[in-house]
Amino acid sequence: TSVLSGNVVSVTPVGTAVKEGDVLVTVDSLAGPMAAARANGDGTVKSVHVAAGASVESGAVVVVLEEK
């Protein structure tokens, strides 16, 4: 779930192994690129619901993880 609103700069691709705290989505903010979503546990990126260049709102589901 995104904690920030803004334009998506980068997204972790489907199939990527991640650890708790890894940045999954980065958005462009007034202060520069900021982490908008982080992994809440260890696992693999199962699906991505945003793309680079898209606009995202705070609270939107942006990435789904399959936890280990």
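Trainee: In which sense do strand 3 and strand 4 pair, and over how many bridges?
Mentor: This is a predicted model, in which local features need pLDDT of at least 70, side-chain atom pairs count only at pLDDT 80 or more, and totals for chains, interfaces and linings use all residues. Residues are numbered from 1 along each chain as its sequence is written, and side-chain values use heavy atoms, without hydrogens and water. Strands are DSSP runs of E, at least two residues, numbered from the N terminus, and two of them pair if DSSP finds at least two bridges between them. Strand 3 and strand 4 (residues 32-38) are antiparallel, over six bridges.

Trainee: Which residue in strand 4 is the bridge partner of Val-23?
Mentor: Strand 3 and strand 4 form a hairpin, with two residues between them. The bridge partner of Val-23 in strand 4 is Arg-38.

Trainee: Which residue in strand 3 stands opposite Val-8?
Mentor: Strand 1 (residues 6-11) runs antiparallel to strand 3 (residues 23-29), joined by four bridges. Asn-7 stands opposite Asp-28, and Val-8 stands opposite Val-27.

Trainee: Which are the edge strands of the open sheet?
Mentor: The open sheet has four strands in the order 4-3-1-6, with antiparallel pairing. Those that pair on one side only are strand 4 and strand 6 (55-56).
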